[in-house]
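The sequence and structure come first.

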Amino acid sequence: DSSSKALELECDILVPAALENQINDENVDRIQAKILAEAANGPTTASAHKTLKDRGCLILPDLYLNAGGVIVSYFEWLKNLSHVRFGRLEKRFEESNNRNIIEAMTEHTNIKISQEKLDQITRGPGEADLVDSGLEDTMVAAYEEMNEIRKQHEVDLRTAAFISSINKVGTVYEQMGIFP
């Protein structure tokens with residue numbers, strides 16, 4: 001069918017985002033992508049993963065790429081627990097502080113700035129800005145950790161993601177006294 005043929009088109013980045021096991025032994029030899037970004041859960045079978053990896057394809061594992069939705073859900077859960085919008089306590093303070101800085105700079109440089117530009121520059125972060133920032137910070141840190149494990153153990157990113165995850169579960173179990 002045409003959707004499975006789309007996986008086989010020449011491309012730099014392929015993002016399988018719907019079905020499990022859609023890249024498998026039957027089609028892996030026709031996959032031409034240099035980078036595979038797994039947006040679906042388990043889109044690549046283990047043997048197809050090995051074939052692509054051995055061919056030099058960079059595979060960004062589903063375990064990592066799908067984490068963004070979980071992270072944002074966690075932020076929403078925190079917000080709901082506290083019954084306070086993100087940034088509500090900081091927004092006005094930041095806007096006022098930014099406005100004071102810009103006004104001091106314009107005063108000392110004699111450069112006039114329009115009200116529209118002043119509003120744009122001094123706008124404090126909204127809820128979406130804070131969520132995006134938190135998500136970016138979390139995903140960058142997770143990638144850096146995963147990449148460091150990859151280098152240290154000389155493994156692919158999927159294995160590094162699993163090592164990272166297992167280490168985190170082990171740490172929590174240890175902290176809970178489940179195992180020494």
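**The largest pocket**

Helix H7 (127–153) contributes the most to the lining of the largest pocket, five residues. Helices are DSSP runs of H or I with at least four residues, numbered from the N terminus. The model is predicted: local features need pLDDT of at least 70 and side-chain atom pairs pLDDT 80 or more, while totals for chains, interfaces and linings use all residues. Residues are numbered from 1 along each chain as its sequence is written, and side-chain values use heavy atoms, without hydrogens and water.

The largest pocket holds about 290 Å³ of space. Its lining has 13 residues, and those closest to the centre are Leu63, Ala142, Ser164, Ser165 and Lys168. Helix H3 (62–65), helix H4 (67–82), H7 and H8 each give two or more residues to this lining.

**Cysteines**

There are zero disulfides in the structure, a disulfide being a pair of cysteine sulfur atoms within 2.5 Å. For Cys11, the nearest cysteine sulfur is that of Cys57, 8.9 Å away. Cys57 is buried, with a relative accessible area of 10%; buried means under 20%, exposed over 50%, and partly exposed in between, with a 1.4 Å probe and protein chains only.

**A nonpolar surface patch**

Val169, Val172, Tyr173, Met176, Ile178 and Phe179 form a nonpolar patch on the surface, with about 560 Å² of accessible area together. Patch residues have over 30% relative accessible area and no salt bridge, and nonpolar side chains are joined within 5 Å. A salt bridge is a side-chain nitrogen of Lys or Arg within 4 Å of a carboxyl oxygen of Asp or Glu.

Phe179 lies in the segment after helix H8 (157–175). Phe179 is partly exposed, at a relative accessible area of 40%.

Technical notes
Patches are made of residues with over 30% relative accessible area and no salt bridge: like charges are joined within 9 Å, nonpolar side chains (Val, Leu, Ile, Met, Phe, Trp, Tyr) within 5 Å. Accessible areas come from the Shrake-Rupley method with a 1.4 Å probe; for residues, only the protein chains shown count as cover. On a 1 Å grid over the protein atoms alone, a cavity is a set of points where a 1.4 Å probe fits but cannot get out, and a pocket is an open set with protein on both sides within 12 Å along at least five of seven lines; lining residues have an atom within 4 Å of a point. Grid points are joined across faces, edges and corners, and a volume is the space filled by probe spheres set on the points.
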